[in-house]
Amino acid sequence: MSVKGTGPSARDRLLAAADELFYAEGVHSVGIDRVIEHAGVAKATLYNAFGSKDELVRAYLLRRHAARQERVARKLDGLTSPRERLLAVFDALADAFAKPNFRGCAFVNASAELAPGSRAAEVCDNARGWVRSLFRGLALEAGAADPDLLARQLVLLYDGASVAAQLDHDTSSAMAARDVAAALLDVATVR
């Protein structure tokens with residue numbers, strides 16, 4: 001933590017620099033020297049705070065995961081209708097796509113570069129599991145006859161919208177996915 005009035009701590013500056021650079025350019029193409037220069041800290045500070053670049057990458061991904069969870073929680077906050085709660089996940093996705101620096105899913109991007117089984121790859125796996133679990137829980141709340149199947153379908157929509165937003169530069173893909181999710185939910189909850 002930083003002392004009041006002195007600005008962000010060196011650790012926080014390193015994380016902010018890593019977030020900006022790793023997300024924009026990839027975790028392998030950005031070297032430690034660029035991160036520390038961008039953060040305005042000494043190399044020793046990075047190693048004291050994180051121990052290695054791999055741990056910095058892990059911390060960057062954990063920060064991204066927490067931000068995603070917070071974004072979704074804000075959208076769900078105050079919603080009582082199970083249907084609207086489920087569809088609000090796609091509203092949160094639309095918010096992410098609307099950011100001017102959107103470059104796709106940070107976890108998909110990082111996964112392509114990380115060694116399987118690494119501590120950073122575990123963060124990607126956990127973030128992925130969280131999305132599946134979120135959709136399963138919301139499908140269950142909504143009364144889906146087969147919440148596992150609906151969750152799987154919704155994850156595919158979520159992923160597809162992310163890819164379309166990144167590769168096609170189509171920020172409306174989240175709303176298109178929301179519409180399809182609504183139709184799937186209608187079918188899944190018919191008794």
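**Helix packing and aromatic pairs**

Tutor: Helices α1 and α2 cross in a right-handed way. A crossing is right-handed if the near helix is turned clockwise from the far one by less than a right angle, and left-handed if anticlockwise. Helices here are DSSP runs (H or I, at least four residues), numbered from the N terminus. This is a predicted model, in which local features need pLDDT of at least 70 and side-chain atom pairs count only at pLDDT 80 or more, while totals for chains, interfaces and linings use all residues. Residues are numbered from 1 along each chain as its sequence is written, and side-chain values use heavy atoms, with hydrogens and water left out.

Student: At what angle do α1 and α2 pack, and how far apart are the axes?

Tutor: The angle between α1 (residues 10–25) and α2 (residues 32–39) is about 130°, and their axes are 8 Å apart. Axes are lines fitted to C-alpha atoms, for helices over the stretch in contact, and angles run from 0 to 180 degrees between N-to-C directions. The two helices are therefore oblique to each other; under 35 degrees counts as roughly parallel, over 145 as roughly antiparallel, 65 to 115 as roughly perpendicular and the rest as oblique.

Student: Which residues make the contact?

Tutor: From α1 there are Arg-13, Leu-14, Ala-17, Ala-18, Glu-20, Leu-21, Phe-22 and Glu-25, and from α2 Arg-34, Val-35, Ile-36, His-38 and Ala-39. Contact means heavy atoms within 4.5 Å. By class, the contact of α1 with α2 has eight nonpolar, one polar and four charged residues. Ala, Val, Leu, Ile, Met, Phe, Trp, Tyr, Cys and Pro count as nonpolar, Asp, Glu, Lys and Arg as charged, and the others, Gly among them, as polar.

Student: OK, rings now. How many aromatic pairs does the structure hold?

Tutor: Five aromatic pairs. Rings of Phe, Tyr and Trp (its six-membered ring) pair if their centres lie within 6.5 Å; planes under 30 degrees apart count as stacked, over 60 as edge-to-face and the rest as tilted. One of the pairs is Phe-90 with Tyr-158, edge-to-face at 6.5 Å centre to centre and 65° between the planes. Phe-90 lies in helix α5 (residues 82–97) and Tyr-158 in helix α8, so this pair ties together parts that are 68 residues apart in sequence.

Student: And what about Phe-135 and Tyr-158?

Tutor: Phe-135 and Tyr-158 are also an edge-to-face pair, 5.8 Å centre to centre with 75° between the planes. Phe-135 sits in helix α7 (residues 119–141) and Tyr-158 in α8, so here the linked parts are 23 residues apart in sequence. Ring pairs join Phe-90, Phe-135 and Tyr-158 into a cluster.

Student: Is Phe-135 buried or exposed?

Tutor: Phe-135 is buried, with a relative accessible area of 0%, and Tyr-158 is buried at 7%. Buried means under 20% relative accessible area, exposed over 50%, and partly exposed in between (1.4 Å probe, protein chains only).

Student: How do α7 and α8 cross?

Tutor: Their axes come within 8 Å and cross at roughly 130°, and the crossing of α7 and α8 is right-handed. Phe-135 of α7 and Tyr-158 of α8 are among the residues that meet there.

Student: Different topic. Where is His-169?

Tutor: His-169 is in the loop between α8 (147–167) and α9 (173–188). His-169 has a positive phi of about 55° although it is not a glycine, and it is exposed, with a relative accessible area of 68%.
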